[in-house]
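Please read each point with the structure in view.

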Amino acid sequence: MSFPRPGLLILGSAIAVASMASCAPHEPEGASESALAASSALTAQDRLAACNQDPRVIAGLVSAEVCAGADIFFRETFDGNGRKCGTCHPVENNYTIDVPFINALDQSDPLDPLFVFEHDPDLAGLETADLRTQGLILENLDGFEDLANKFATRSVPHIFSLATTIDPDPVDGTAVPPVHRTGWSGDGAPGDGSLRSFLTGAIIQHLPKDLSRQPGVSFRLPTADELDLALAFQMSVGRTNELDLTQVNLFDPLASDGRQAFLDPQRGRCNVCHGNAGANHQDSGLNRNLDTGTRKAPAGSTVGVFDGGFGGLGQSAPNIDVLDLGFPHGYGDGTFNTPPLIEAADTPPFFHTNAFGNTIEDGISFYTFPGFFPNSPAGQELEARFGTPIVFSAVDVVNIGRFLRVLNAAFNLDIAKQRLQASQTLVNQFHDTRSDIQLRLMELAEVEIDDALEVLAVPPGNVPLHAISQNHLQTAKGEIAAGLAASSWSQRQSRISNAISRVTNARDQFGANINFQLGQGTLMY
C-alpha cells in the first residue's frame, strides 16, 4: 500500500472518472440521466478539448476519451459534497482506501472530503466510525427508505482490470444477472446494472450534500457523455488480458510449487473459481456470484443490517439467515462476486469486510476456516465436484501466497515500467514542456516499485523472495529520485532510462510467460 506523501501533486492536464466505492445503490425515484443531469463548470466537450492538448494524447499514449474520463473520475464533484470518485479510489493507493491510508490522509489533510461527514451536520449519517477504524464505507445496499437501520459497511474494491472481471456468468443461480458484476455483491449499479451506470449510483450514495439525496439539489447527475467517458477510463485501468497459468514458469521454487497447488484440484483447487488467478470461473470464463461463507464474516462495529450480498433491493423484510441463526436478519441471497487475485496481495482486505486479515496468506487461509468456506454452498459444490473436502496444508498456504506475491509484484513492475516509459516518451518529444506530467508519472512509478518491494518483503516462512530483484528496485528508486531532482530534461531522460533498466532487471528474475497487457488509464491521475 502507499500513503499520501509530500512531493509533486501536480495533476497534469485538466483531465479522469470511475465509480465510487464498493456497491453503489439504486436511484431514488425520479432520478434519470436525461432529465436531471446539469451542466458542470467543465462539460464533456471542454474536457475532450483540453485533453487534445495533453502531451500524453498528442504522443499517442492515451486517447482523448480515456484522458477526459480520468478527469471526471479524479476531479468532478457533481455539485455534491466535495468528494470525487478518486476520493475513495486514489491512484497512489491502488485505487482503494484502507486504514493506513486514511490515517495518513487525516494527518496531511484532516478536512479532505473523505471526512466531510465529521464536519457537516447534514451529512452526519453519510458514514460510520467504521471508516476510520476498519476502512469500511457505508452502503445503503438494499434501498434508502430506512437510513438509520437499513445499511451495511463494506471495504472499497480497487478498479484494476475491470475489463477482464465484470462480465456475469448466467449459470451462477442469482436472479437475472445485471449487465456487469460491479461492487462486492455484483449488483452495485442502478438501472441496467452496468459499469456505465455505476457512476450514477456512486454519486447518489457517496457525493450528496445532504441525505435527502434529491437530484438537482443534493448533487447533479452525470450527463450521458460523462457516463461514456467515465466508462472508457475505468475499462482501461490495469490489465486488459488474462494469463495462462499452465504456461507461466516461476523461477522461485516455492512460488512454482504454489502455482501447482493453485491449479491442482486435489490441493488448492483455486483455479476453478479464480481461473488463471483472475476473477472468472474456469468453466465459463465469466464472473460468478458465489456463497462462500463470507456473509458470516464479523461485521463492522456499526451494523444496520447483516450484509446478505446480492439481490436485497426490493425486499420489504429480511429474507436471509445471514449468520445461520435460524431466522432471517438480512437482505439478499448470500452471494458475492469473485474478485481477481493477481492484484490482491497489495490491495487488502480481500473480502467485503476486513474480518479475515491483511496478508494474502490470511486470505488464502480463509478457505480452510471451519464453519466458513468448507461448509458453504460454494465449498460443498467443490467437494461434490472432486469427491473430497477442500484441504490444503500450511505449506500450501505459504507457497500459494508466495506465488500470488510474485504475480502481484510483476504487475506492479509492469505498471511502473509503463509509467516510466511514458515519461521517457514525453521527455524525448517535449523536453521541459509540461514537465509536471513527466515528474508525476515518475512519482507514480515509484509508488508501484514501493508496492512491489512491500509484496516481496520476507513473507511467511522467512525465506527471502527475489532478494536480487529487491536490490535492483532500490537502485531504480535512486535513479527516479535523481531524475526528479535533475536540473535539465536531458539529465532526467538519462535517469529515467537507468530506472527502466533496473526495473526490467528486477522483473526478469521472476519467471517467464507472465505477460500483462496494460490499458492506457494507468497513465492518468
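1. Contact of helix 2 with helix 9. Ala 44, Gln 45, Arg 47 and Leu 48 of helix 2 meet Asp 225, Glu 226 and Leu 229 of helix 9. Contact here means heavy atoms within 4.5 Å. The residues of this contact divide into 3 nonpolar, 1 polar and 3 charged. In this classification Ala, Val, Leu, Ile, Met, Phe, Trp, Tyr, Cys and Pro count as nonpolar, Asp, Glu, Lys and Arg as charged, and the others, Gly among them, as polar. Helices (H or I, at least four residues) and strands (E, at least two) are DSSP runs, numbered from the N terminus.

2. Basis of the values. The model is predicted, and local features need pLDDT of at least 70, side-chain atom pairs count only at pLDDT 80 or more, and totals for chains, interfaces and linings use all residues. Residues are numbered from 1 along each chain as its sequence is written, and side-chain values use heavy atoms, with hydrogens and water left out.

3. Geometry of helix 2 and helix 9. The two axes come within 9 Å and cross at roughly 40°. That makes helix 2 oblique to helix 9. Axes are lines fitted to C-alpha atoms, for helices over the stretch in contact, and angles run from 0 to 180 degrees between N-to-C directions. Angles under 35 degrees count as roughly parallel, over 145 as roughly antiparallel, 65 to 115 as roughly perpendicular and the rest as oblique.

4. Helix 2 against helix 4. Helix 2 (residues 44-51) and helix 4 (residues 64-75) pack at an angle of about 120°, with their axes 8 Å apart. Helix 2 and helix 4 are therefore oblique to each other. Their crossing is right-handed; a crossing is left-handed if the near helix is turned anticlockwise from the far one by less than a right angle, and right-handed if clockwise. From helix 2, Arg 47, Leu 48 and Cys 51 meet Ala 64, Glu 65, Cys 67, Ala 68, Asp 71 and Ile 72 of helix 4. By class, this contact has 6 nonpolar, no polar and 3 charged residues.

5. The structure holds 17 aromatic pairs. Rings of Phe, Tyr and Trp (its six-membered ring) pair if their centres lie within 6.5 Å; planes under 30 degrees apart count as stacked, over 60 as edge-to-face and the rest as tilted. Phe 73 and Phe 233 form a tilted pair, at 5.2 Å centre to centre and with 55° between the planes. Phe 73 lies in helix 4 and Phe 233 in helix 9 (residues 224-234), so the pair ties together parts that are 160 residues apart in sequence. Phe 73 counts as buried, at 0% relative accessibility, and Phe 233 is buried as well, with a relative accessible area of 0%. Buried means under 20% relative accessible area, exposed over 50%, and partly exposed in between (1.4 Å probe, protein chains only). Phe 74 and Phe 233 form an edge-to-face pair, at 5.6 Å centre to centre and with 70° between the planes. This pair links Phe 74 in helix 4 to Phe 233 in helix 9, 159 residues apart.

6. An aromatic cluster. Which residues form one aromatic cluster? They are Phe 351, Phe 356, Phe 366, Tyr 367, Phe 369, Phe 372 and Phe 373.

7. Pro 318. This residue is placed in the loop between strand 5 (306-307) and strand 6 (330-331). Pro 318 is partly exposed, with a relative accessible area of 36%. Not counting residues up to four places away in sequence, Pro 318 touches Pro 328, His 329, Gly 330 and Tyr 331. The C-alpha atoms of Pro 318 and His 329 are separated by 5.2 Å, and the two residues are 11 residues apart along the chain.

8. Backbone points to check. A cis peptide bond, with omega of about 0°, joins Pro 348 and Pro 349. Pro 349 lies in the loop between strand 7 (336-337) and helix 11 (360-365). Arg 213, a residue other than glycine, has a positive phi near 55°. Arg 213 is found in the loop between helix 8 (195-206) and helix 9, and counts as buried at 3% relative accessibility. Arg 269 is not a glycine, yet has a positive phi of about 45°. Its place is in the loop between helix 10 (253-263) and strand 4 (289-290), and Arg 269 is buried, with a relative accessible area of 3%.
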